[in-house]
Amino acid sequence: MKINRRSFLATGLAAAAGAVAGPAQGRAAEGSSSASSVAVVLATLLDLSKCIGCGACVEGCREANAHRYPEPVKPFPKMYPSRVKAADWSDKRDVDDRLTPYNWLYIQTASGEYDGKPFELNIPRRCLHCQNPPCANLCPWGAASKDGRGIVDINDEICLGGSKCKDVCPWHIPERQTGVGLYLKLAPSFAGNGVMYKCDRCQDRVAAGGTPACIEVCPEGVQTIGPRDDILAQARKLAEETGGFIYGDTENGGTNTFYVSPVPFDVLNQAIEKGPGRPHLASVGNPFTTEDTLARAVYAAPLAGLAAGALHLIRGAASEDDHE
């Protein structure tokens with residue numbers, strides 16, 4: 001059988017990911033007696049025609065995850081080189097019109113005209129939980145991972161806040177908080193300057209058989225969660241019946257979040273406010289179709305697994321020192 005360079009790299013990526021998947025996925029089931037050994041990949045469907053922008057999902061997310069929000073130590077260590085700037089949202093925790101380390105979901109509003117008619121749509125924005133997430137594949141420390149349910153998570157116990165995950169994310173979703181995390185004990189003036197935060201789709205609740213808080217509290221039934229194949233079929237059926245459009249099916253090689261909108265997403269992308277903490281809605285290709293990105297992922301995966309293991313040991317030793 002002839003094997004070209006790209007297929008070799010793709011196979012290597014799968015093997016490397018499998019090599020480190022054990023430790024990465026184990027955290028998802030930690031503390032949950034009901035976690036199945038064979039998890040089903042879950043996806044969510046968001047029917048944008050139903051969202052009224054009430055913000056219940058934002059508040060539900062905050063209440064469910066408040067105990068996990070960072071509590072930074074101040075003053076922050078001076079960083080070297082000086083171009084590494086502090087990212088501090090601890091005094092702006094009430095900001096809810098963009099993504100922050102204290103706000104993992106927000107409502108993005110798009111208004112304009114399409115097909116000769118005015119429109120206004122509200123779009124709940126958070127991590128899309130990619131099927132082949134660049135953040136997890138390319139994190140140099142193994143802090144980002146994807147579990148068996150398709151949830152992409154950043155482990156705040158070993159994340160050093162270097163923001164590689166944000167750099168490689170097509171939507172630049174993760175946000176950093178300085179003054180918290182392992183870097184303070186490892187190398188406070190030279191390490192990553194904090195911890196990266198984003199939606200983990202209420203991983204602990206889902207592992208225990210529950211529903212993400214944003215879905216549970218929505219009064220309009222905007223979101224539906226279930227096995228990915230079923231949810232994608234529902235999204236396609238809804239789009240066909242309503243003449244709508246889907247986002248997330250092919251973006252970045254496919255995600256576990258599907259938006260269905262009565263307005264094309266290129267039109268919505270022109271109508272929304274974009275910038276830091278406010279992700280775009282443009283079409284996104286699959287980054288792992290290029291050989292250089294595949295190669296980086298292949299080489300990074302086993303090293304990241306080793307790094308994650310080392311950081312766990314360092315964190316454990318630091319915790320023991322704290323209790324002595």
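Helices (H or I, at least four residues) and strands (E, at least two) are DSSP runs, numbered from the N terminus. By that definition, the protein chain holds 10 helices and 10 strands. The model is predicted, so local features need pLDDT of at least 70 and side-chain atom pairs count only at pLDDT 80 or more, while totals for chains, interfaces and linings use all residues. Residues are numbered from 1 along each chain as its sequence is written, and side-chain values use heavy atoms, with hydrogens and water left out.

**The chain as a whole**
- Of the 324 residues in the protein chain, 49% are buried (under 20% relative accessible area, with exposed over 50% and partly exposed in between; 1.4 Å probe, protein chains only).
- Among contacts (heavy atoms within 4.5 Å) with a separation of 6 or more, 69% join residues 24 or more positions apart.

**Nonpolar cores**
- A nonpolar core is a set of buried Ala, Val, Leu, Ile, Met, Phe, Trp, Tyr and Cys residues joined through side-chain atoms within 4.5 Å.
- The largest such core has 51 residues, and Ile123, Trp171, Tyr247 and Leu268 touch the most other members.
- Elements that each supply at least two residues of this core include strand 3 (117–125), helix 3 (134–138) and helix 7 (213–217).
- Apart from this core lies another of nine residues, including Ala43, Leu45, Ile231 and Leu232.
- Leaving aside neighbours within four places in sequence, Tyr247 is in contact with residues including Leu128, Trp171, Phe258, Phe265 and His280.

**Aromatic pairs**
- Rings of Phe, Tyr and Trp (its six-membered ring) pair if their centres lie within 6.5 Å; planes under 30 degrees apart count as stacked, over 60 as edge-to-face and the rest as tilted.
- Seven aromatic pairs are counted by this rule.
- Trp104 and Tyr197 are stacked, at 6.4 Å centre to centre with 20 degrees between the planes.
- This pair links distant parts of the chain, 93 residues apart: Trp104 is in the loop between helix 2 (56–65) and strand 2 (106–114), and Tyr197 is in strand 7 (residues 195–197).
- Both Trp104 and Tyr197 are buried.
- The ring centres of Tyr247 and Phe265 are 5.2 Å apart and the planes are at 40 degrees, so this pair is tilted.
- Tyr247 belongs to strand 9 (residues 245–247) and Phe265 to helix 9 (residues 265–271), so the pair ties together parts that are 18 residues apart in sequence.
- Tyr247 and Phe265 are both buried.
- Ring pairs also join Tyr69, Tyr102, Trp104 and Tyr197 into a cluster.
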